[in-house]
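Here are some friendly notes to read with the model open beside you. Take the points in order and find each spot as you go.

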Number of protein chains: 2
Amino acid sequence: MNLILLYKDDFVEGHDRVRLRDRRLKHVLEVHRASPGDELCVGLLGGERGKGRITGLSSEYLEMDVQLGLAPPPALPVTLILALPRPKVLNRTLAAASSMGVKKIILINSYRVEKSFWQSPALKNDSIEKQLVLGLEQARDTIMPDVVLRHLFKPFIEDELPDMIEGTIPLLAHPQASALCPRGIEGHVILAVGPEGGFIPYEIEKFSACGFLPVRMGERTLSVESAVPAILSRLF
Amino acid sequence: MNLILLYKDDFVEGHDRVRLRDRRLKHVLEVHRASPGDELCVGLLGGERGKGRITGLSSEYLEMDVQLGLAPPPALPVTLILALPRPKVLNRTLAAASSMGVKKIILINSYRVEKSFWQSPALKNDSIEKQLVLGLEQARDTIMPDVVLRHLFKPFIEDELPDMIEGTIPLLAHPQASALCPRGIEGHVILAVGPEGGFIPYEIEKFSACGFLPVRMGERTLSVESAVPAILSRLF
């Protein structure tokens, strides 16, 4: 928790004092081991970052005077399309993508996505939000990414994707691609990452027909949770 | 398991037939759902890769005729120095580094490494090997990385590191560094990655005095498990 994310409900007595009681209190007590007078990095969800000076701290609550004014770090110009991974990998990948500055994530179905994954509690709104918040706290960001779910592959690819990719660079991560993933790219990228085992040929054809360029990272096939940070950091 | 890693003990009746009974059998039955006659990607630990044609498959054993002849993928020219992370993160980071082709990993102590981490079962040889094997299987590699442990920070930095960095590019991942991490580098890199919370100023000074250049990935502080794939894919 490199930044303590503040919500509007945290504010008491006007605009510059917050009182926190939840996991943020626990973290400040147990990990930061902070004391009254200490300054912590804070940020208002969807807003600016700044400092919080601790004015009160007990096992019951944490009170801080906050001063905002610093913009959040820039977002990555990328939309991430991810074949729904198994729940634990989904959690870690959401947190990692959020920490790297991805602001739009589309979870899609694919032939090699197990049907049971769509029933996982990891797909509930509060579970997704929890992972995204972990990523924001890690990277000192305040802008919540948008995560949407698309259960049906074909309608998504045929009906939604064509409009979405206009004016973007659409790339498909594919270990058997002949093109290498570009480096230090300019422009908005739409990046599709397949499931463990990869997209099937039909799916790759559909992406290609839509204008996606299949690219590989090298000779090695990476797991989804390594591939996402690896590709993003190579692209930007 | 994109490659089934074979050990010398797996071979029966000469040099080209193997019989497997362990988690590899389970994986071929439950994930690959393979049948006799199918060909699977295999590789001999420390040796060549090739194909295994299934000649027998039951709940008891998997038998394959194997033909090797393909070299493993090239290693990354990097030595990874990692402040010992908490056990779960260690496991995932070892697997990720192994999948990306890191062949030398040095786990070191640092002020912000919790003492209890050094007592974790995750540091036992068989646990470390398990994670490294997962990485090799993922990336279709056969060359086991070497992992060493250094419990004492100062003797490692002062006595071992100076010889180790000769002829290499020594880089220290440090979110507050003024230099950006280079891209597409040539030469052997020694990369030091700190604990969650970062190396303390004294430790950064020791690395710098030894010749390490502190570099950052951008404005965002990444978790260890995202930082390692992100930095490696940016460097090479």
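1. Start with two helices of chain A: α4(A) (residues 153–164) and α5(A) (residues 201–210) pack at an angle of about 10°, with axes 10 Å apart. Helices here are DSSP runs of H or I with at least four residues, strands are E runs of at least two, and both are numbered from the N terminus. Axes are lines fitted to C-alpha atoms over the stretch in contact, with angles from 0 to 180 degrees between N-to-C directions. The angle makes α4(A) roughly parallel to α5(A), a term for angles under 35 degrees.

2. Which residues make the contact? From α4(A) come Phe153(A), Ile157(A), Leu161(A) and Pro162(A), and from α5(A) come Glu203(A), Lys206(A), Phe207(A) and Cys210(A). Contact means C-beta atoms, placed from the backbone, within 7 Å.

3. A word on the source: this is a predicted model, where local features need pLDDT of at least 70, side-chain atom pairs count only at pLDDT 80 or more, and totals for chains, interfaces and linings use all residues. Residues are numbered from 1 along each chain as its sequence is written, while chains are lettered from A and ligands numbered from 1 in the order written.

4. Now zoom out to the domains of chain A, domain 1 (4–70) and domain 2 (78–235), with bounds from an automatic or database assignment. Their centres, taken over C-alpha atoms, are 33 Å apart. Their contact takes 8 residues from domain 1 and 7 residues from domain 2. On the domain 1 side, strand β4 (residues 39–44) of chain A gives the largest share, 3 residues.

5. Finally, look at chain B: Val193(B) touches Leu80(B), Ala173(B) and Val228(B), among others, not counting residues up to four places away in sequence.

Key:
Two residues are in contact if their C-beta atoms, placed from the backbone, lie within 7 Å. Angles under 35 degrees count as roughly parallel, over 145 as roughly antiparallel, 65 to 115 as roughly perpendicular and the rest as oblique.
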